[in-house]
Amino acid sequence: MHKLRVLVVDDNRLFLSAARNLLSELPEVGCAEYVNSGAEALAKATEFVPDLVLMDIMMPGMNGLETMAILQFRVPAPRMYAVTLHDSAEYRTAALKNGADGLISKADFATAIPELLATLARGSI
């Protein structure tokens, strides 16, 4: 099993804390980094080179969609998933258009992430 490098980007500290707690329990995660903004994500991804980026869509300054659009050209082939409270067709379309592989609702995060990471670690997608 391939251990994954995961970058989580969200301006909500409570969500980052919950994500950290969840990811620390998953055997597929080799290491993870957590940042609060799009600008921090671009800087961190360049040095960290994640396998997976979990990006909040709505952030002040550079939002997640703008960040993913840039990030897809800066880091070699990371998987990127938009993460949002607002799971809608409009957000899904925008996320895919800006380089995301999919969208995960924050309401489903705790159940969707273990399955996604298991699949990625097996190299199934």
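The model is predicted.

**Helix α1**

- The buried residues of α1 are F15, L16, A19, L22 and L23.
- Viewed down the axis of α1, these buried residues fall within an arc of 125°, so they line one face of the helix.
- An α-helix has 3.6 residues a turn, so residues three or four places apart point the same way.
- R13, L14 and S24 are exposed and sit on the face of α1 turned away from its buried side.
- The packing partners of the buried residues of α1 are β1, β2, β4 and α5.
- At the N-terminal end, α1 is capped by N12, which has a side-chain oxygen 2.8 Å from the backbone nitrogen of L14.

**Nonpolar cores**

- The largest nonpolar core has 22 residues, of which V6, V8, L23, L54, F109, I113 and L117 touch the most other members.
- Two or more residues of this core come from each of β1, α1, β2 (29–35), β3 (52–56), β4 (79–84) and α5 (109–122).
- With six residues, α5 gives the most to this core.
- A second, separate core contains 20 residues, including V9, A45, A95 and L103.
- Beyond four places in sequence, V6 touches L23, V29, C31, A32, E33, F48, L52, L54 and L117.

**D10, between β1 and α1**

- D10 is located in the loop between β1 (4–9) and α1 (13–24).
- The side chains of D10 and K106 are joined by a polar contact of 2.7 Å.
- A polar atom of the D10 side chain also lies 2.8 Å from the backbone nitrogen of N12.
- Apart from neighbours within four places in sequence, D10 is in contact with F15, L16, V35, N36, D56, M59 and K106.

**L71, in α3**

- L71 belongs to helix α3 (residues 64–74).
- Leaving out residues up to four places away in sequence, L71 touches L42, A45, V53, M55 and M80.
- From L71 to G38 the C-alpha to C-alpha distance is 9.5 Å, while the two are 33 residues apart in sequence.

Notes. Residues are numbered from 1 along each chain as its sequence is written. This is a predicted model: local features need pLDDT of at least 70, side-chain atom pairs count only at pLDDT 80 or more; totals for chains, interfaces and linings use all residues. Side-chain values use heavy atoms; hydrogens and water are left out. Helices (H or I, at least four residues) and strands (E, at least two) are DSSP runs, numbered from the N terminus. A polar contact is a pair of N or O atoms within 3.5 Å; within protein, one must be able to donate a hydrogen and the other to accept it, and residues adjacent in sequence count only if both atoms are side-chain atoms. Contact means heavy atoms within 4.5 Å. A nonpolar core is a set of buried Ala, Val, Leu, Ile, Met, Phe, Trp, Tyr and Cys residues joined through side-chain atoms within 4.5 Å. Buried means under 20% relative accessible area, exposed over 50%, partly exposed in between (1.4 Å probe, protein chains only). The arc is that of the directions from the helix axis to the C-beta atoms.
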